[in-house]
Amino acid sequence: MGDTKPHVATFTELDSGTLYALLKLRVDVFVVEQECPYPELDGRDTEPGTRHVWLSDDSGTPEAYLRVLDDAGGARIGRVVTAPHARGGGLAGRLMEAALEAIGDRTVRLDAQTHVAGFYARYGFVVDGPEYVEDGIPHVPMVRR
């Protein structure tokens with residue numbers, strides 16, 4: 001069953017074990033599964049305005065994660081990830097709802113992998129620029145005002 005409510009924390013509120021598990025999930029999916037060798041640790045996780053949002057299984061292992069960054073003119077959602085075994089269970093949607101609640105009425109942007117842009121559209125995001133390729137994967141910029 002896992003968590004019923006997403007966890008939301010700043011970097012300084014994360015204990016070392018949770019931080020390690022969140023970063024491992026991100027690296028396992030983005031770097032290993034999607035074969036994108038890029039600087040996953042970009043320095044933004046530690047910014048005071050960053051919020052880490054995740055859901056865990058019954059053992060406390062994170063199954064889904066995203067982060068919310070303070071950005072010029074609003075917020076930015078990124079690093080949206082679900083562990084392969086937990087996909088299709090609605091976890092990403094629960095995280096999006098929690099993130100949007102935390103963001104409030106601020107404008108929020110994200111860069112969606114093109115094949116999942118429809119998922120973000122369900123939460124009021126619209127494409128806000130041309131498609132581009134990053135790390136070999138097509139993306140589209142999206143915004144929710």
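1. Glu40 sits in the loop that runs between helix H1 (16–33) and strand S2 (51–56). Helices (H or I, at least four residues) and strands (E, at least two) are DSSP runs, numbered from the N terminus. The model is predicted: local features need pLDDT of at least 70, side-chain atom pairs count only at pLDDT 80 or more, and totals for chains, interfaces and linings use all residues. Residues are numbered from 1 along each chain as its sequence is written, and side-chain values use heavy atoms, with hydrogens and water left out.

2. Glu40 is buried, at a relative accessible area of 5%. Buried means under 20% relative accessible area, exposed over 50%, and partly exposed in between (1.4 Å probe, protein chains only). Leaving aside residues up to four places away in sequence, Glu40 touches Arg26, Val27, Phe30, Val31 and Arg79; contact means heavy atoms within 4.5 Å. With Arg26, the side chain of Glu40 also makes a polar contact of 2.2 Å. A polar contact is a pair of N or O atoms within 3.5 Å; within protein, one must be able to donate a hydrogen and the other to accept it, and residues adjacent in sequence count only if both atoms are side-chain atoms.

3. Ser56 belongs to strand S2 and is buried, with a relative accessible area of 5%. Its side chain has a polar contact of 3.4 Å with the side chain of Trp54. The side chain of Ser56 also reaches the backbone oxygen of Gly60, at 3.4 Å.

4. Helix H2 has 13 residues and spans 18 Å from first C-alpha to last, close to the 18 Å expected at 1.5 Å a residue. The expected span is 1.5 Å times one less than the number of residues. Among the buried residues of H2 are Leu91, Leu95, Met96 and Ile103. The helix's buried residues pack against S2, S3, S4, S5, H3 and S8. Just after H2, Gly104 has a positive phi of about 70°.

5. Which strand gives the most to the lining of the largest pocket? S4 does, with 7 residues. Helices H1, H2 (91–103) and H3 (117–121) each supply at least two residues of this lining. So do strands S3 (62–71), S4 (74–82), S5 (108–113) and S8 (137–144). By type, the lining residues divide into 17 nonpolar, 9 polar and 8 charged. Ala, Val, Leu, Ile, Met, Phe, Trp, Tyr, Cys and Pro count as nonpolar, Asp, Glu, Lys and Arg as charged, and the others, Gly among them, as polar.
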